[in-house]
Amino acid sequence: MSDTNGPSRGHSGKKDNAKRDERLRSGSAHSPNPPPGEAWGIIGTILGGGGFWGLVGFGADRLLGFEALFFPIGLIVGVVAALYLVIYRFGAPR
């Protein structure tokens, strides 16, 4: 009687599954498609950076009594910093 991990396979196959799971998580150099959710990570990083620093600029405007000085500066700084993070995180060779 032979089970699915029997002697004909020679091993349990767990190592192969671990390699496959690692490729799915990190993206494979052989795969033409990026890992699932990578585009949403990029969009979220850019929106989050601009939103956070925009709110910091908005708060500085309110606190210091300016009409709209630090808000656009915060948006620009946030988006530029987020683009840097996206290039650093997702543009690195694997």
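Select helix α2 to begin, residues 38-64: this helix has 27 residues and reaches 39 Å from its first C-alpha to its last, close to the 39 Å expected at 1.5 Å a residue, where the expected span is 1.5 Å times one less than the number of residues. Helices here are DSSP runs of H or I with at least four residues, strands are runs of E with at least two, and both are numbered from the N terminus. What you have open is a predicted model, in which local features need pLDDT of at least 70 and side-chain atom pairs count only at pLDDT 80 or more, while totals for chains, interfaces and linings use all residues. Residues are numbered from 1 along each chain as its sequence is written, and side-chain values use heavy atoms, with hydrogens and water left out.

Now show the whole protein, which holds three helices and zero strands and follows the pattern α-α-α when read along the sequence. Of its 94 residues, 17% count as buried, a word that means under 20% relative accessible area, with exposed meaning over 50% and partly exposed lying in between (1.4 Å probe, protein chains only).

Return to α2 and colour its buried residues, which are Glu38, Thr45, Gly49, Gly50, Gly54, Gly57 and Asp61; what covers them includes α3, residues 70-90. Which residues does Thr45 touch, not counting those up to four places away in sequence? Select Thr45, and you will find Ala82, Leu85, Val86 and Arg89 in contact with it, contact meaning heavy atoms within 4.5 Å. Thr45 counts as buried because its relative accessibility is 15%, and a polar atom of its side chain lies 2.7 Å from the backbone oxygen of Gly41. Moving just past the end of α2, you reach Gly65, which takes a positive phi of about 85°.

Next, select α3, whose 21 residues should span 30 Å at 1.5 Å a residue, and whose end C-alpha atoms, 29 Å apart, agree with that.

Finally, display the aromatic rings, among which the structure holds four pairs; rings of Phe, Tyr and Trp (its six-membered ring) pair if their centres lie within 6.5 Å, and planes under 30 degrees apart count as stacked, over 60 as edge-to-face and the rest as tilted. Phe58 and Phe71 have ring centres 6.3 Å apart and planes at 80°, so this pair is edge-to-face. Because Phe58 lies in α2 and Phe71 in α3, the pair ties together parts that are 13 residues apart in sequence. Phe58 counts as partly exposed at 38% relative accessibility, and Phe71 counts as partly exposed at 34%. Then select Tyr84 and Tyr88, an aromatic pair that is stacked, with 6.3 Å from centre to centre and 15° between the planes. These two tyrosines are four residues apart in helix α3 and therefore separated by about one helical turn, and both Tyr84 and Tyr88 are exposed.

Methods
Polar contact = N/O pair within 3.5 Å; in protein donor to acceptor, adjacent residues only side chain to side chain.
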